[in-house]
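Hello,

Here is the structure I promised to pass on to you.

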Amino acid sequence: MILITGANGALGRLVAAELAGRDDVVLGTRTPESTTDSTHAAQAAQAPRPTQAPRRRIDFDDPASLDFTGVDTLLLISAGYGEDDIVIARHDAAITAAEKAGVRHLVYTSLSGDGDHLAYALAHRWTERRLARSPLAWTVLRNGLYAEFLAAIAAPGPDGTIAAPLGTGRLAAVARADLAAVAARVATEPERHAGRVYELVGERALGGAELADAVGGSYEPGSLGAAREAIAASGGALPYQVPMLVGTYSAIAGGFLDGSGIEANALRTLLGRAPRPALDAYRTAVAAPSAA
C-alpha cells in the first residue's frame, strides 16, 4: 500500500492524479471528508481533484492520527506552513509513527540543495538527518521551487509591471506537475531508489525580464525593503513568513537558486522525458484566478 500525506494539497493532489486507477493507494489528509484542505485551498484550486481512492485522516498536529497500519510505502509530503520547531515536530512524529507501524520505505519531498540559504531549509535538512538515522528505507526528493510559486512572488501588477526584487538573478523553477510525476514514479518503485537523494531543479533558469516577456509586461525590480513592507502590509503572510519570502527574493537575486550549484540534476532522468517548460507553468499560473 502507498499512502500519500497532504493529499488535499497542491502537490498531493497532482500525485494522486498520477496514481489514479491503482488499487493500492490511500490518500492521507487532515480532512478526509473534504476534497480540499482549507489551509491550501488557493494552491489546490489549480490541481486536479483527488481520485476516489480510500482516505485516511492524517493530521501532523495530532500524533494520535498518524496511523500508517498496512502501509508499505509512505510518501511524506513536507508539512511546512509553520515555524521550524513546529515543522520538525510534525516530521519527527510522522517518521516515528512510520517506524512503529512497520512501514518499509519512506519517500520525502525536501528542498533542493541550492536552497540551503533559505530560511525554510533547516527543517528539511533536519528531516533528512532524521531519516538517515532511521531503520526505514528512504528516498529524498530535493524539489526545486515551483514555477507556480514564482508566479505568486513575481506576479505582474495591474499595469503589467513585475516589481519583484529579483535583480539580475534567476530561478531554476520547476513545474509542480513534474515533481508530482517524479514522486509518483519513485513511490511505485521504491526499492530502485533506496538511499538516494535526488536533486530536482529546472533545466532553464528564469529571470525577471523573461517572466515579463512571457506575460507581455515589463520588469522593474524594486528593493528588498519595499518588498518586505508590501508583504507585511498585505496581511497575506504570517509574521514568520515575511522574512522567509524576503529571503527567497534575496537568494534568487544573489544567484544562489539558478541551478548552477547542483552537480547532478535528476529531473529529466526520473521523468523519463523532457521537463515541462517552467515558463509555461508560470504563465498559466499567472493567468489563473488565484496564482499558487
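Leaving aside neighbours within four places in sequence, Ala-98 is in contact with Phe-68, Leu-74, Val-103, Leu-106 and Leu-136, where contact means heavy atoms within 4.5 Å. Ala-98 is found in helix H3, and its relative accessibility of 0% makes it count as buried. Buried here means under 20% relative accessible area, exposed means over 50%, and partly exposed is in between, with a 1.4 Å probe and protein chains only. Between the C-alpha atoms of Ala-98 and Asp-72, which are 26 residues apart along the chain, the separation is 9.5 Å.

Two notes on how to read all this. This is a predicted model, in which local features need pLDDT of at least 70 and side-chain atom pairs count only at pLDDT 80 or more, while totals for chains, interfaces and linings use all residues. Residues are numbered from 1 along each chain as its sequence is written, and side-chain values use heavy atoms, with hydrogens and water left out.

Now the chain as a whole. Its secondary structure comes to 11 helices and 11 strands; these are DSSP runs numbered from the N terminus, with helices (H or I) of at least four residues and strands (E) of at least two. The radius of gyration is 18 Å, close to the 19 Å that the globule rule gives for 292 residues, so the chain is as compact as a globular protein of that length. That radius is taken over C-alpha atoms, and the rule is 2.2 Å times the number of residues to the power 0.38. Along the principal axes, the C-alpha atoms fill a box of roughly 55 × 35 × 35 Å.

Of the 292 residues, 52% count as buried. Among contacts between residues at least 6 apart in sequence, 77% join residues at least 24 apart. The chain exposes about 12600 Å², of which carbon and sulfur atoms supply 52% (Shrake-Rupley method with a 1.4 Å probe; for residues, only the protein chains shown count as cover). There are 26 positive and 32 negative side chains, and the centres of the two sets lie 4 Å apart. Lys and Arg count as positive and Asp and Glu as negative, without His and the chain ends; each charge is placed at NZ of Lys, CZ of Arg, CG of Asp or CD of Glu.

Next, the inside. In soluble globular proteins, nonpolar side chains tend to be buried together. The largest nonpolar core has 37 residues, and those with the most contacts inside it are Leu-150, Ala-154, Ile-162, Leu-166 and Leu-211. Such a core is a set of buried Ala, Val, Leu, Ile, Met, Phe, Trp, Tyr and Cys residues joined through side-chain atoms within 4.5 Å. Two or more residues of this core come from each of helix H5 (147-153), helix H7 (208-214), helix H8 (224-234), helix H9 (241-253) and helix H11 (278-287). H9 gives the most, with six residues. Not counting residues up to four places away in sequence, Ala-154 touches Ile-162, Ala-164, Leu-166, Leu-211 and Tyr-282. A second, separate core of 30 residues includes Ala-7, Val-107, Ala-180 and Ala-266.

Val-107 also turns up beside Thr-73. Thr-73 is found in strand S4 and counts as buried at 6% relative accessibility. Outside four places in sequence, Thr-73 touches Met-1, Ile-2, Leu-3, His-105, Val-107, Ala-187 and Pro-190.

A few loop residues are worth a look too:

- Tyr-81 sits in the loop between strand S4 (73-77) and helix H3 (84-101). Although it is not a glycine, Tyr-81 has a positive phi of about 55°, and at 43% relative accessibility it counts as partly exposed.
- Ser-65 lies in the loop between strand S3 (55-57) and S4 and counts as buried at 7% relative accessibility. Not counting residues up to four places away in sequence, Ser-65 touches Arg-57, Ile-58 and Asp-59.
- Arg-104 is in the loop between H3 and strand S5 (105-111) and is exposed, with a relative accessible area of 61%. Not counting residues up to four places away in sequence, its contacts are Val-71, Asp-72, Leu-136 and Ala-137.
- Gly-259 is in the loop between H9 and helix H10 (267-271). With residues up to four places away in sequence not counted, Gly-259 touches Asp-114 and Ala-172.

Best wishes
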